[in-house]
Amino acid sequence: MEQDTEYRQQQMSRYKQEAMPLLRYIPWFENNAGQPGSRLYQGPESTEHSIGIPVYDATLLNFVREAGRSPLMDRNYLYTYSRGGIKTHDDERRVIAAAELKDWDVLRGILSKYVMGGMTKSTLWAQGVQENIFLLVLKKMQEIIEYWDQPLDIR
């Protein structure tokens, strides 16, 4: 029993260290919940046949950059989706809402899809904001840490 407690404490310490830098973005995601994560820039000389360039908020880009360098990224995130039968945004939200300590890797997989997948398909970053996926994953990680460790002071 004592070994289980010690292992869980080590695990929580590691999770907390990994997640804390990203949890400071929660207020920004709360303020932008449901909003498009980008807008299209059309230059002054654009025509109806011009292609718009997506422009992202600087805070979102900082979050993506920081998350991409964090140990929370899971290169095998596609396995999380196939194993969990996750196909839609509603599936993602359902899985996130039901996540517990044992599902930390599932949360990492969902976050990784939007951060790492967005490196090649940048619309995923905008979807992560608009569908509240980034916000829900970060809040669930915070909830898990606070349940098993102690309340966090995030500012």
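Visitor: Which helices do the buried residues of helix 4 pack against?
Guide: Helix 4 covers residues 77-84, and its buried residues (under 20% relative accessible area; exposed is over 50%, partly exposed in between; 1.4 Å probe, protein chains only) are Tyr77, Thr80 and Tyr81. In this predicted model, they pack (heavy atoms within 4.5 Å) against helix 5 (89-98) and helix 6 (104-117).

Visitor: Which pLDDT do side-chain atom pairs need?
Guide: Residues are numbered from 1 along each chain as its sequence is written, and side-chain values use heavy atoms, leaving out hydrogens and water. Totals for chains, interfaces and linings use all residues, local features need pLDDT of at least 70, and side-chain atom pairs count only at pLDDT 80 or more.

Visitor: Within what arc do the buried residues of helix 4 fall?
Guide: The residues in question are Tyr77, Thr80 and Tyr81. They line one face of helix 4, because down its axis (directions from the axis to the C-beta atoms) they fall within an arc of 95°.

Visitor: Which exposed residues sit on the face turned away from the buried side of helix 4, and which residue follows the helix?
Guide: The face turned away carries Leu78, Tyr79 and Ser82, which are exposed. Helix 4 is then followed by a residue with a positive phi near 65°, glycine 85.

Visitor: How far from leucine 72 is leucine 111 in space?
Guide: Leucine 111 is in helix 6 and is buried, at a relative accessible area of 1%. Beyond four places in sequence, leucine 111 touches Leu22, Phe63, Leu72, Met73, Phe134 and Val137. Leucine 72 is 39 residues away in sequence, yet the C-alpha to C-alpha distance is 8.0 Å.

Visitor: How far apart in space are tyrosine 56 and tryptophan 125?
Guide: Tyrosine 56 belongs to strand 2 (residues 53-56), where helices (H or I, at least four residues) and strands (E, at least two) are DSSP runs numbered from the N terminus. Tyrosine 56 is buried, with a relative accessible area of 15%. Leaving aside residues up to four places away in sequence, its contacts are Gly37, Ser38, Leu61, Ser122, Thr123, Trp125 and Ala126. Tyrosine 56 and tryptophan 125 are 69 residues apart in sequence, and from C-alpha to C-alpha they are separated by 8.7 Å.

Visitor: How many aromatic pairs are there?
Guide: Rings of Phe, Tyr and Trp (its six-membered ring) pair if their centres lie within 6.5 Å; planes under 30 degrees apart are stacked, over 60 edge-to-face, the rest tilted. By this rule the count is nine.

Visitor: Is the pair of tyrosine 15 and tryptophan 104 stacked or edge-to-face?
Guide: The centres of tyrosine 15 and tryptophan 104 are 4.3 Å apart, with 5° between the planes, so by the angle cut-off the pair is stacked. The pair links distant parts of the chain, 89 residues apart: tyrosine 15 in helix 1 (residues 2-23) and tryptophan 104 in helix 6. Tyrosine 15 and tryptophan 104 are both buried, and their pair is stacked.

Visitor: What is the angle between the planes of tyrosine 147 and tryptophan 148?
Guide: Tyrosine 147 is exposed, at 64% relative accessible area, whereas tryptophan 148 is partly exposed, at 35%. Their pair is edge-to-face, with 5.1 Å centre to centre and a plane angle of 80°.
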